[in-house]
Amino acid sequence: MNNFGPISRMLTDWAYSADAIHRRLETRWVKPMKSGDTIQPKGMVKSKRVTKNSRWVLIDVMVRNQTGEKVASGEAMVEFPDDAAA
């Protein structure tokens, strides 16, 4: 569970700086983590959707360890309320 911290931090740092809200994060861990491993999360916008009150961004999340191996992948959702400046 401690590995969710850096992933959530990556998303919230990006979202909050744009007055957006990190709404969802789902990850699938594909390789075990060992004590002392370092992880690097990255995200890429997969799609955008506009609703009556918000704009939504779906993000593909990939996590690699210090040797470049993929240890997790998943999806996140960020909401940009209409009153926010994106």
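Author: Accessible areas come from the Shrake-Rupley method with a 1.4 Å probe, and for residues only the protein chains shown count as cover. The accessible surface here is about 5,700 Å², and 51% of that belongs to carbon and sulfur atoms. This is a predicted model, in which local features need pLDDT of at least 70 and side-chain atom pairs count only at pLDDT 80 or more, while totals for chains, interfaces and linings use all residues. Residues are numbered from 1 along each chain as its sequence is written, and side-chain values use heavy atoms, with hydrogens and water left out.

Reader: How many helices and strands does the protein have?

Author: Helices (H or I, at least four residues) and strands (E, at least two) are DSSP runs, numbered from the N terminus. The protein has 1 helix and 4 strands, in the pattern α-β-β-β-β along the sequence.

Reader: In what order do the strands form the sheet?

Author: Two strands pair if DSSP finds at least two bridges between them. Here the order is β1-β4-β3-β2, in an open sheet with antiparallel pairing. The edge strands, β1 (21-29) and β2 (39-50), each pair on one side only. Between β2 and β3 (residues 54-65) there are 11 bridges; K48 stands opposite V57 in β3.

Reader: Which strands does helix α1 lie across?

Author: Axes are lines fitted to C-alpha atoms, for helices over the stretch in contact (heavy atoms within 4.5 Å). Angles run from 0 to 180 degrees between N-to-C directions. Helix α1 (residues 4-17) lies across β1, β2, β3 and β4 (70-81), at about 150° to β1.
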